[in-house]
Amino acid sequence: WDPFCGSGTLVVEAVASALHLPATSRRLALGLWPTTPEEKYSGYLSKLKEFSPKPQSILKQASGSDLDPVAIKISQNTARKARVAKYCSFNTASAKDSDPPKSADSVLVCNLPYGKRISPAIQTEAAKQLRSVLEGATHLTPYVLARSGLLSQHRVSGRQWHELYSFNNRGIPIHLYTLKTSPTS
């Protein structure tokens, strides 16, 4: 579940990955390699387009929500283009007003708003909403992409955020976080 889904990228790519579907709406790196002739690459894409995914018993319904109804329409279109729409649901709601999945093995994956055009106040409000969601749904395992330092002041039920990975996105330091399993760990 992505409570800040925006255009739906994380939801759609998670489903496509679970179904072992490669991306076909953009040129794959394979097609850029000088050792791959254009006709071979075109043949590969034709085979991918013929592929029809089989439902996976382990795949749960993936969902996303966003405050912006235009973003939800884009999410639905993204899922349709990726041929995974039947596995995805999107609804217009703020993170704090969304209905998180109830299953004990549910995962929250989100990319908190960040960037040069996103004010610190908006970023902080998103982190507060995330904390509120997680305090009310302790069964969720969260994986959150956020700018450096944003989550450190937003403990959840006494638990601290733990950095798993970091990278730069267009010059902005971004980190992948999860919550430590207990307040003392």
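Buried here means under 20% relative accessible area. Keep that cut-off in mind as you click around; the model you have open is a predicted one.

Start by selecting Cys5. Its relative accessible area is 6%, so Cys5 counts as buried. Now jump to Cys88: with a relative accessible area of 10%, Cys88 falls under the cut-off too and is buried. Searching the whole structure turns up 0 of them.

Next, show the strands. Select residues 62-66 for strand S1 and residues 88-92 for strand S2; the two run parallel, and 5 bridges join them. To get from S1 to S2, trace the chain through helix H3, residues 69-81, and you'll have followed a right-handed β-α-β crossover. For one of the pairings, which residue in S2 is the bridge partner of Ser65? Pick Asn91 and you have it.

Last stop: the second largest pocket, with about 490 Å³ of space in it. To centre your view, select Phe4, Gly6, Asp66, Asn111 and Pro113, the closest to the pocket's centre among the 23 residues lining it. Then colour helix H1 (9-18) and helix H4 (120-136), the elements that give two or more residues each to this lining. Which of the elements gives the most? That's H4, with 4 residues.

How values were computed: Residues numbered from 1 in each chain as written. Predicted model: local features only at pLDDT ≥ 70, side-chain atom pairs only at ≥ 80, totals over all residues. Heavy atoms only, no water. Pairing = 2+ DSSP bridges. Right-handed = clockwise from strand over helix to strand, strands pointing away. 1 Å grid on protein atoms, 1.4 Å probe; cavity = no way out; pocket = protein on both sides within 12 Å on 5 of 7 lines; lining within 4 Å. Points joined across faces, edges and corners; volume = space filled by probe spheres on them. Disulfide = S-S within 2.5 Å. Buried < 20%, exposed > 50% of the residue type's maximum accessible area, 1.4 Å probe, protein only.
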